[in-house]
Amino acid sequence: MTDRRRIALTVNGLQRDGEVEGRLLLADFLRHHLGLTGTHLGCEHGVCGACTVLVDGQATRSCLMLAVQANGRSITTVEGLAPDGEASHPLQAAFHERHGLQCGFCTPGFLMTLVEFLEENPEPDEAAVREALSGNLCRCTGYQGIVDAALQASASLRETSGQ
Ligand code: FES
Ligand code: FES
């Protein structure tokens, strides 16, 4: 008999629920049950960072977490960065302006990693940004555009918050 359980969680500020198999990954729940396909799966074993989402504000690999473990938690996916689809998050705007998008496949993971990082480190230098991004793999080119975007976003976020 299949082990199925009901889960209820908050995703991008909305209450969501579902009945899932115990072995279902959080990434697959987000993508296939909720249709939030912005969360991408690359390696599926915790190496590449493409599947990164925020769980209770912490950057987390959704390929290493079961959907049932997310029961009662608050999840933010890349879709939650610009919920009305109109105004981009300052990080998204900076990625656009500084050519940080590149392949686009790994980008949601980079964005979610940086959201947490910039909240905790509002004024990082380049070395700190590179260190923060060391768990997210980009194989298409150097990280320069992504690093530039992170530094630009940190400046605009500080401006917005009056720091
Ligand atoms: S898909 Fe999760 S870390 Fe690569
Ligand atoms: S930007 Fe995605 S692999 Fe380089």
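Ile-7 stands opposite Gly-18 in strand S2. This is a predicted model, where local features need pLDDT of at least 70, side-chain atom pairs count only at pLDDT 80 or more, and totals for chains, interfaces and linings use all residues. Residues are numbered from 1 along each chain as its sequence is written, while chains are lettered from A and ligands numbered from 1 in the order written.

Back to the strands. S1 covers residues 4–11 and S2 residues 14–21; they pair antiparallel over 8 bridges. Pairing needs at least two DSSP bridges. Helices (H or I, at least four residues) and strands (E, at least two) are DSSP runs, numbered from the N terminus. S1 and S2 make a hairpin with 2 residues between them. In that turn, Asn-12 has a positive phi of about 50°.

Now the domains. Domain 1 is 4–81 and domain 2 is 90–161. Those bounds come from an automatic or database domain assignment. Their C-alpha centres lie 22 Å apart. The contact takes 17 residues from domain 1 and 13 residues from domain 2. Contact means C-beta atoms, placed from the backbone, within 7 Å. On the domain 1 side, strands S3 (52–55) and S4 (58–61) are the elements that give two or more residues. Which strand gives the most to that side? S3 does, with 3 residues. That side divides into 9 nonpolar, 8 polar and no charged residues. Here Ala, Val, Leu, Ile, Met, Phe, Trp, Tyr, Cys and Pro count as nonpolar, Asp, Glu, Lys and Arg as charged, and the others, Gly among them, as polar.

How values were computed. Contact = placed C-beta atoms within 7 Å.
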